[in-house]
Amino acid sequence: MAAPAPDRNDTTEATEDEASAPPAGGPDPKAVPAQAVYLGGAAMTIGGLLGALIQLLIGAVPQPWSTVLIAVGIVIIIVQLLWSLVPVKDGRRTARSTGFVVIAVAVACAFLLGFILHPMVLRFYQQFGSCGDPVELTVLVPEDGAAWFQESITEFNREYGEGECRAANVTAYSAPWPEAEKAMAQGWQPPPDGEEDRPFEALRDVGPRPHFWIAESQTQVELADELLGDPASGVNYEVFEPKDAEPIGRTPLVLAVPEAVFDTQGFNGGSPTTDRPLHELINELDDAYGTPVLRSDPAVSTTGLLFFRALYDHGSAALAESRLADAAASTGIALSPSDTGLLCEVARSQGAIPYAAVLTTEMALAHYNTGKALGDDCPGADDTRSGLVPVYSTGLGSLDYRGVRLDWTGDPWDERRTRVADDLQSWLAGESGGANPESLGMRSEDYERDALAGDYRFDTAFDAESDPLSAAEFHALQADYGRSRLATTVLLAVDRSGSMNEEVGGGRTRFELATDGVVTALDYLGVNPQDQAALWTFPVSGSGSHEPVFDMTADPPEDVAERLRATPTSEGVDLHQTVVDGIAELDAAGLDDGSNAMVVITDGADTDGSGTTAGEVRQRLAESQATLYLIAVGDAACRSATFAALDEDPRVTCLEAEEEQISATFDGLFNQLWSGR
């Protein structure tokens, strides 16, 4: 008889074996329930759909949202992976394992999102957050090598600060030492009431007050301190202490000789170093090899003055000056206010393989060798140059670059500016892992034969010692140069056409600004008792080309400005004929052993109707020892047709002057033509 079926309401407990035994034909309880499989599959399907949707959106949305979607996609993948690894018991995930998943996912999401979204958050913070105003720092750099100093300061600007927050805005401009010297004498202050029209104005003619100054030597630092300490400067406080000037680097003075003269012809026995006096080297180059020697202007350039000292100390300055003047005349290269400017003229007129030797610095020669731009007016060459070989001498000295923090009173940003200036000083000196002097072709303070930018046959073992002059020695040396310098005869010609009456900045006309420039120029006359000057205006009514304001004299009248203002305005311009007549005047009045120069200032607005051609002017110059300087003002440019045909001649130098800078241009030129006030 069959056993009765169990009562469904029977509450009798089953044995353990019965409970654990699978029902006949039933599923295994250890297997994943169909519900769990369904949910897991659904989760995978949803994750896959979300992933596919995110993939489509990533390519369709702009930044930064594409970055956000990538982060979300990565998080979904991590969640799916962790969820699939969690063990399942009785068709369920335990609370402990689920909690582990939640914590792991939270940590992963926080880390991942923080890492991926950090740049976007930082950008947002910098744009709308605490980026304060950058510190403005103005830097005055030497005119010699200005392009490379400015390049290094630009790199400092890029690297300085954190993230994209600009911590400082450092700007640099250059000026020759004589202009900086006069600006220091004025305390770099605006003119007093009633003196707004004085010929030289520091803020107008040089630039804004610098907060940091790169001096070429400790000598300049001492001179600037002396000038600022003079009551005439109007500065009754201490701007800086000379002892606080920090070294940046140094560069030895060298005699750069054409490679063929050194190697093939055996100058100085083929030795790169010597202890022979400088005048012996100049004489040997001239007499034995027919090689002219050029140098920068001692009246403007510290380098030029140090070379003069080397000549003067051996009692050979006068003879050497005569040879140097002959060399400048034979090459058609006038005295330059800087070493890089001089090398620029050599490259422009003699090409990559020059035939003249140059008294210069190792650093300037390094810049020349790189083929990079030597300044705004001297673009770089396509290839590096290697036509000059340096010869070193222990008696020449070196430039010793110094960084000086200028603390003008009443500056509310003084503390922050000081911090930036200190960091810039360390950067330039190579102390902070940024730039280094060697990258500028300069030797650092702890130089140990490291490679120099632009090095071509440099003697890196040469000991470049610094021998700064005292302020008194500097002034005495300038006076000695003035006495030994050849007499200079200068003829000035000022455009008096109607276009020169056009008003420019400040309500003054071009002619009035030119008048200021002439008065400034004449202040330089007389260091050598044989110096002479004459002044013309052009054009004039009638058949003549010009009108004399005063004839050639060593003692110009006191009322030059009044005389110029009294000259009448004329139409047209006889530029070429005026220059031809001026050269004749210089040849007649100039000394055989002196230097002669004609300086013409014009806006080039009128067509020359004289009938005299530019070719005739060049022919006349070829027959003379005179040099011609053209100062282009207004809209005129040296590359315009008015001046370009003349500027082709190596004896012609064209200078472009912004209308507000006419006085400064005259000042720099005549400081070059006539040594000192």
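Contact means heavy atoms within 4.5 Å. This is a predicted model, in which local features need pLDDT of at least 70 and side-chain atom pairs count only at pLDDT 80 or more, while totals for chains, interfaces and linings use all residues. Residues are numbered from 1 along each chain as its sequence is written, and side-chain values use heavy atoms, with hydrogens and water left out.

**Figure 1. Overview of the protein chain.** Among contacts in the protein chain with a separation of 6 or more, 75% join residues 24 or more positions apart. The chain has 22 helices and 15 strands; helices (H or I, at least four residues) and strands (E, at least two) are DSSP runs, numbered from the N terminus. Of its 677 residues, 48% count as buried. Buried means under 20% relative accessible area, exposed over 50%, and partly exposed in between, with a 1.4 Å probe and protein chains only.

**Figure 2. The largest nonpolar core and a separate core.** A nonpolar core is a set of buried Ala, Val, Leu, Ile, Met, Phe, Trp, Tyr and Cys residues joined through side-chain atoms within 4.5 Å. The largest one holds 82 residues, of which Leu255 and Leu424 touch the most other members. Helix H11 (residues 302-312) supplies the largest share of this core, six residues. Leaving aside residues up to four places away in sequence, Leu424 touches Leu137, Val139, Ile153, Phe156, Val170 and Phe212. Another core, of 30 residues, lies apart from it and includes Leu522, Tyr629, Ala657 and Ile662.

**Figure 3. The crossing of helices H13 and H14.** The axes of helix H13 (residues 339-350) and helix H14 (residues 362-370) come within 9 Å and cross at roughly 40°. Axes are lines fitted to C-alpha atoms, for helices over the stretch in contact, and angles run from 0 to 180 degrees between N-to-C directions. The crossing of H13 and H14 is right-handed; a crossing is left-handed if the near helix is turned anticlockwise from the far one by less than a right angle, and right-handed if clockwise. H13 contributes Asp339, Thr340, Leu343 and Ala347 to the contact, and H14 contributes Ala364, Leu365, His367 and Tyr368. By class, five of these residues are nonpolar, two polar and one charged. Here Ala, Val, Leu, Ile, Met, Phe, Trp, Tyr, Cys and Pro count as nonpolar, Asp, Glu, Lys and Arg as charged, and the others, Gly among them, as polar.

**Figure 4. Helix H16 and its cover.** Helix H16 (residues 471-484) has 14 residues and reaches 20 Å from its first C-alpha to its last, close to the 20 Å expected. The expected span of a helix is 1.5 Å times one less than its number of residues. The buried residues of H16 are Ala471, Phe474, Leu477, Asp480, Tyr481, Gly482 and Ser484. Their cover includes helix H6 (177-185), helix H8 (218-228), strand E6 (293-295), H11 and helix H12 (317-331).

**Figure 5. Helix H19 and Gly582.** The end C-alpha atoms of helix H19 (residues 575-589) are 21 Å apart, which agrees with the 21 Å that its 15 residues should span at 1.5 Å a residue. Its buried residues are Leu575, His576, Thr578, Val579, Val580, Gly582, Ile583 and Leu586. Gly582 counts as buried because its relative accessibility is 0%. Excluding residues up to four places away in sequence, Gly582 touches Leu491, Trp536 and Met598. Ala626 is 44 residues from Gly582 along the chain, and their C-alpha atoms are separated by 9.6 Å.

Figure 6. Most residues other than glycine have a negative phi, and most peptide bonds are trans. A cis peptide bond, with omega about -5°, joins Phe538 and Pro539; Pro539 is in the loop between strand E11 (532-538) and strand E12 (547-553). Trp188, not a glycine, has a positive phi of about 55° and lies in the loop between H6 and helix H7 (202-205). Asn268 also has a positive phi, near 55°, and is found in the loop between helix H9 (259-263) and strand E5 (273-274). Trp188 is buried at 1% relative accessibility, and Asn268 is buried with a relative accessible area of 11%.

**Figure 7. Surroundings of Leu452.** Leu452 is in the loop between helix H15 (414-428) and H16, and counts as buried at 6% relative accessibility. Not counting residues up to four places away in sequence, Leu452 touches Glu362, Glu438, Gly441, Met442, Arg443, Tyr447 and Phe458. Gly441 and Leu452 are 11 residues apart in sequence and 5.0 Å apart in space, C-alpha to C-alpha.
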